[in-house]
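Please view the sequence and the structure before reading on.

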Amino acid sequence: MSFLHLAIVAPLILSIFIPLFYRIFRQIHAGWFVLPLPILLFVYFLTFLPETMSGKSFIEMINWIPSLEINFTAKVDGLGLLFSLLITGIGALVVLYSIYYLAKNKEKLNNFYVYLLLFMAAMLGVVLSDNLIVMYAFWELTSFSSFLLIGYWYERDKSRYGAQKSMLITVFGGLAMLGGIILLYIMTGTFSFTEIMSQANEIFNHALFVPALLCILLGAFTKSAQFPFYIWLPDAMEAPTPVSAYLHSATMVKAGIYLVARFTPVFGEHFLWFLLVTSVGILTLIWGSVFAVKQTDLKAILAFSTVSQLGLIMSLLGAGAAALHYEFLDENIYTVAVTAAIFHLINHATFKGSLFMAAGIVDHETGTRDIRKLGGIMHFMPITFTISIIGAFSMAGLPPFNGFLSKEMFFTAMVHVTEMDIYNLETWGILFPVLAWIASVFTFVYSMILVFKTFTGKHQPEKLDKKPHEAPMGLLISPIILVSLVIIFGLFPNLLSDSLISPAMASILPSLLGAGEEFKVHISFWHGPTIELFMTLGIIILGLVLYKTHFRWKKIYKGIPEKLALNRFYDFVLEGLQSVSYKLTNTYMNGSIRSYLVYIFAFLIVILAATLFGKNAFMFSTSNVSSIGVYEVALAILVVLGSICILFAKSRMTSIILLGAVGYTVSLFYVLFRAPDLALTQLVIETISVALFLVCFYHLPKLRKFETRMRFRLINALISVGVGAIVTLIALSAHSSKLFDSISKYYVENTYTEAAGKNMVNVILVDFRGFDTLFEITVLAIASLGIFGMIKLRLNRRKEG
Amino acid sequence: MIEFIIRLALLFCSISMLGLIYRVIKGPSVADRVIALDAIGVNLVAITALISIVLSSHAFLEIILLIGILAFIGTVAFAKYLEKGVIIERERNH
């Protein structure tokens with residue numbers, strides 16, 4: 001147990017004590033007990049920086065299930081450290097924010113912080129596990145804790161709906177990912193990611209490579225809200241705002257990004273990877289940005305914006321995978337895409353976190369998040385306004401904020417895609433920069449709507465529940481820290497390049513680095529009058545025009561997006577699945593034993609016939625058949641006649657007597673085939689059972705005592721003939737293919753010498769195989785006790801009195 | 001010779017059983033059927049005895065006895081049922 005492992009599970013351990021603290025210290029907000037932990041962890045993870053900057057990684061292992069190769073291996077490398085710092089850093093800020101956001105007396109704070117800590121541990125586990133099964137375990141824990149957090153106000157319908165939806169979608173993806181992990185294990189024989197990565201070239205042409213790739217991508221796309229799985233994210237906005245800020249902008253939705261980045265060294269060289277990651281990312285980007293313009297709820301705008309920005313990062317990672325095709329580092333222009341992806345990942349976490357917190361403050365202080373009701377609150381909430389405008393400008397990609405830099409780099413990467421000479425990108429690669437540009441225009445528009453519709457314009461006090469005023473300082477600390485980071489990273493981007501971005505790139509593209517080399521990342525503000533600059537200028541101009549006129553063209557949304565909304569499809573599918581399976585179950589589970597018997601026998605016929613003829617097992621030979629005497633024929637005719645007459649008998653009495661007759665004839669068969677003990681028993685038992693049948697017959701209720709012939713049903717007839725035929729065929733084949741002699745010789749020789757008896761049947765029953773007899777006796781005992789109980793114990797009747 | 005006679009006897013037994021079965025099916029009253037069934041039991045005894053001669057074994061003598069007992073019990077039970085409506089009476093008037 002190293003410090004690193006302790007750091008990962010520390011939130012879990014603390015979560016055990018939170019309810020205790022909550023109970024004991026009622027006066028103190030429970031968040032204060034949580035706050036030190038993420039700060040401590042953040043500082044602890046900072047100490048890894050020198051190590052990862054020098055290109056090393058740090059591995060600690062403890063055995064968990066060594067026999068299955070499942071060990072809790074924690075590995076800190078550039079990528080893992082970047083995510084850990086995001087998780088703990090923003091975690092600390094979110095906890096601080098939540099202390100002021102959630103009221104001490106009204107909310108179930110113990111639940112909230114337990115869930116939040118569970119989530120934090122799960123996220124740390126995801127990004128720091130080297131063993132894929134352990135990673136998957138933490139991955140599912142993120143899904144569960146996210147489910148709990150979204151459903152935090154469980155008395156609301158919408159919260160429960162959102163929680164269920166996100167659970168279904170992310171767990172679906174998680175299971176797909178587990179499939180991918182298992183496929184990787186089949187191919188490489190290990191769960192350790194480091195070892196899988198070292199075998200990446202050998203498994204490239206394996207038949208399971210593509211299925212594994214698709215499964216892993218499915219997991220990443222569902223978690224990171226990519227098209228078409230983004231639909232859970234807007235509904236997850238029913239969670240408390242700190243949760244939205246933490247999970248649904250900075251951390252959990254980036255788990256899929258992490259997964260894609262992590263697996264780039266394994267799958268990155270495959271065409272499908274490039275194609276799927278890049279195009280799904282671009283599609284998500286444009287889809288999310290177009291839909292964000294339509295929203296009227298602040299958090300919904302932010303949710304769609306998150307979807308769109310995640311698409312941006314995803315497409316950059318896809319484009320960056322193309323760098324793997326060039327086996328050298330110098331002038332490999334595609335690595336810029338990876339740089340941009342990591343840089344934007346950090347930037348997005350900062351500005352989106354601050355925007356969510358600002359939206360939460362607006363909600364908290366005015367009582368609504370609807371931009372149609374808001375407006376003109378700039379003068380009441382100047383600090384919140386400043387925070388929002390910085391965040392939104394960064395999101396729109398305006399200088400001098402960090403969003404501008406990452407957007408420029410995004411364009412650079414997308415323009416480079418058109419220059420690739422692989423996969424025919426010369427011809428259709430032009431789509432990428434064009435779509436990216438259009439999406440950025442929409443990003444600009446919704447960013448402007450977000451700020452200016454909320455804070456400027458006419459104040460409408462009659463629509464607001466509360467009189468707006470500035471938030472308390474405690475609420476403002478976290479967003480202020482985040483927007484300061486937005487500005488700092490914007491002005492001094494190279495603070496990050498050596499410390500975080502370069503090591504993270506080294507973990508995403510390890511094969512490009514020789515010994516001792518490292519990526520030289522340089523982010524510059526001004527890089528001359530390049531095409532990216534003109535694209536940004538175009539965005540600002542067109543974006544401004546569109547924003548000014550958006551009340552005119554917004555009507556277009558009324559027609560189109562409703563049809564394209566995937567929510568409707570999701571609801572339809574969910575409802576359809578339920579009603580179809582309900583109907584299906586009702587059709588075949590109809591409660592009638594006859595139908596079930598039909599299924600059972602039909603299945604029996606089909607499965608036996610298929611096996612018999614599919615395996616070519618049917619045989620018929622007369623080599624060891626004895627001669628047939630006249631008595632056997634006569635008795636057989638009797639049995640057959642008796643059985644057939646049962647079917648056509650008009651009264652039940654006749655059936656019973658005929659059944660008795662068949663039974664007695666069988667005992668005659670025993671006589672004929674020299675089995676006196678069997679014949680004795682058969683006679684007695686047949687007599688008793690006929691008597692029992694007569695008792696049942698006598699007690700039939702008078703009302704229903706119709707004496708009718710059995711009705712003819714074709715299906716029943718076919719099935720009964722089929723069962724008879726198939727059993728006969730099997731008996732014939734079995735008899736025709738005797739593989740070895742019977743063991744009865746031993747009994748014949750040893751009955752007297754070993755067991756001191758002359759009746760061989762009885763000796764077998766009580767000596768050679770007496771165990772069977774013992775339990776047959778038990779069966780009889782149980783049957784008789786059961787009958788006695790049924791007759792005597794009439795609980796129902798006694799209750800009725 | 002004895003072989004032939006036994007076969008003949010078996011044939012006659014079977015024919016008589018067929019006649020009795022006809023009575024069981026046709027028999028206008030229940031009493032007719034019960035008598036016919038009792039006679040079938042006796043015929044079964046005969047057939048079993050004859051077969052055990054054919055098989056030259058005395059393992060089936062117990063079966064003969066058993067059929068005799070069962071036929072008796074069955075007939076008595078039927079008779080009581082016809083007379084009283086029940087076979088085993090619940091309250092006994094001593």
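## Burial and overall form of the two chains

In chain B, 28% of the 94 residues are buried, where buried means under 20% relative accessible area, exposed over 50% and partly exposed in between (1.4 Å probe, protein chains only). In chain A, buried residues amount to 50% of the 801 residues.

The model is predicted: local features need pLDDT of at least 70 and side-chain atom pairs count only at pLDDT 80 or more, while totals for chains, interfaces and linings use all residues. Residues are numbered from 1 along each chain as its sequence is written, chains are lettered from A and ligands numbered from 1 in the order in which they are written, and side-chain values use heavy atoms, with hydrogens and water left out.

Chain B holds three helices and zero strands; helices (H or I, at least four residues) and strands (E, at least two) are DSSP runs, numbered from the N terminus. Read from the N terminus, the elements of chain B follow the order α-α-α. The radius of gyration of chain B is 17 Å, well over the 12 Å from the globule rule for 94 residues, so chain B is more spread out than a compact globule. This radius is taken over C-alpha atoms, and the globule rule is 2.2 Å times the number of residues to the power 0.38.

Chain A contains 35 helices and two strands. Its radius of gyration is 38 Å, whereas a compact globule of 801 residues would have one near 28 Å.

Contacts, meaning heavy atoms within 4.5 Å, can be sorted by distance along the sequence. In chain A, 79% of the contacts with a separation of 6 or more involve residues 24 or more positions apart. In chain B, 43% of the contacts between residues at least 6 apart in sequence join residues at least 24 apart.

The cysteines form a last topic. How many disulfides does a search of the whole structure find? The search finds zero disulfides over all chains, a disulfide being a pair of cysteine sulfur atoms within 2.5 Å. A:Cys645 is partly exposed, because its relative accessibility is 36%. A:Cys696 has a relative accessible area of 53% and therefore counts as exposed.
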